[in-house]
Amino acid sequence: MKRLFAALVLILVASAANAQTAVPAPSQWKNQRGSVMQLFYWSPFSKRLYGTYTNNAPGFPRCAGRGYPLWGESDGKQITFTVVWSAPFLENCNSTTVWAGVIKGKKISTRWVLSYKDAAGNPKTLRGRDFFTLQ
Ligand code: BTN
């Protein structure tokens, strides 16, 4: 009986630790800069996700205020996603941002790398962190 109880507790603890295996979609997330990530679709099979990203960040006036296509991958715990800052009918910033991080409940914590070209056409990168909250 004791062993059965111990096994049950083990199963419960293991499943609680494994609880977050799905990405909520459709869903809307906002980061500390006011930018908005819309996730339209996440596949539990391929792990791929699709959505849009609206940059509202102070200090990033280019490609702002409009939703750019976003795609990425997540197993429900780790997440990576990419935005290429050019799309039909939208400003082309000749830049790309890749975010990578972790999902914990209603929070996503990421590090990002923005790749762009400076005025002379030389490739540059900028790095930072974004923290998203489920709306
Ligand atoms: C560009 O300036 O070339 C395009 C816009 C980049 C916006 C960046 S991406 C990382 C950071 N987080 C945001 O929400 N916006 C800025």
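**Note on a predicted model: pocket, core and disulfide**

1. Strand S7 gives the most to the lining of the largest pocket, contributing three residues. Please keep in mind while reading that this is a predicted model, and that the remarks below describe the model as it stands. The largest pocket holds about 320 Å³ of space. It is lined by 21 residues, and those closest to its centre are Asn-55, Phe-60, Trp-85, Thr-97 and Leu-114. When the lining is sorted by element, S6, S7 and strand S8 (123-134) are the ones that give two or more residues to it.

2. The chain has 135 residues, of which 32% count as buried. If you take the contacts between residues at least 6 apart in sequence, 35% of them join residues at least 24 apart.

3. Which residues have the most contacts inside the largest nonpolar core? This core has 23 residues, and the ones with the most contacts inside it are Met-37, Tyr-53, Leu-70, Phe-81, Trp-85, Trp-99 and Phe-132. Strand S2 (36-42), S3, S4, S5, S6 and strand S7 (107-117) each supply at least two residues of this core. As general background, nonpolar side chains in soluble globular proteins tend to be buried together.

4. Leaving out residues up to four places away in sequence, Phe-81 touches Met-37, Leu-49, Tyr-53, Leu-70, Trp-71, Gly-72, Thr-97, Val-98, Trp-99, Thr-110 and Phe-132.

5. The structure holds one disulfide. It is formed by Cys-63 and Cys-93, whose sulfur atoms are 2.0 Å apart, and the link is right-handed, with 120° about the S-S bond. Cys-63 lies in the loop between strand S3 (48-54) and strand S4 (67-74), whereas Cys-93 lies in the loop between strand S5 (78-84) and strand S6 (96-104), so the pair ties together parts that are 30 residues apart in sequence. Both Cys-63 and Cys-93 are buried.

6. Because its relative accessibility is 1% and buried means under 20%, Cys-63 counts as buried. Phe-89, in the loop between S5 and S6, also has a positive phi, of about 70°, although it is not a glycine. Is Phe-89 buried or exposed? Phe-89 has a relative accessible area of 83%, and because the cut-off for exposed is over 50%, it belongs to the exposed class.

7. The side chain of Asn-55 reaches the backbone oxygen of Phe-60 at 3.0 Å, and both Asn-55 and Phe-60 are among the lining residues closest to the centre of the largest pocket. Not counting residues up to four places away in sequence, Asn-55 touches Ser-35, Phe-60, Arg-62, Cys-63, Ala-64, Gly-65, Arg-66 and Trp-85. One of these contacts, Cys-63, is a partner in the disulfide.

8. Ala-22 is partly exposed, with a relative accessible area of 40%. Leaving aside neighbours within four places in sequence, Ala-22 is in contact with Trp-42 and Gly-76. Ala-22 and Ser-74 are 52 residues apart in sequence, yet they are 8.5 Å apart in space, C-alpha to C-alpha. Pro-26 lies in the loop between H1 and S1 as well, and the peptide bond leading from Ala-25 to Pro-26 is cis, with omega near 5°.

Definitions and conventions:
Residues numbered from 1 in each chain as written. Predicted model: local features only at pLDDT ≥ 70, side-chain atom pairs only at ≥ 80, totals over all residues. Heavy atoms only, no water. Disulfide = S-S within 2.5 Å. Helix = DSSP H or I, 4+ residues; strand = E, 2+ residues; numbered from the N terminus. Buried < 20%, exposed > 50% of the residue type's maximum accessible area, 1.4 Å probe, protein only. Core = buried A, V, L, I, M, F, W, Y, C linked by side-chain atoms within 4.5 Å. Contact = heavy atoms within 4.5 Å. Polar contact = N/O pair within 3.5 Å; in protein donor to acceptor, adjacent residues only side chain to side chain. 1 Å grid on protein atoms, 1.4 Å probe; cavity = no way out; pocket = protein on both sides within 12 Å on 5 of 7 lines; lining within 4 Å. Points joined across faces, edges and corners; volume = space filled by probe spheres on them.
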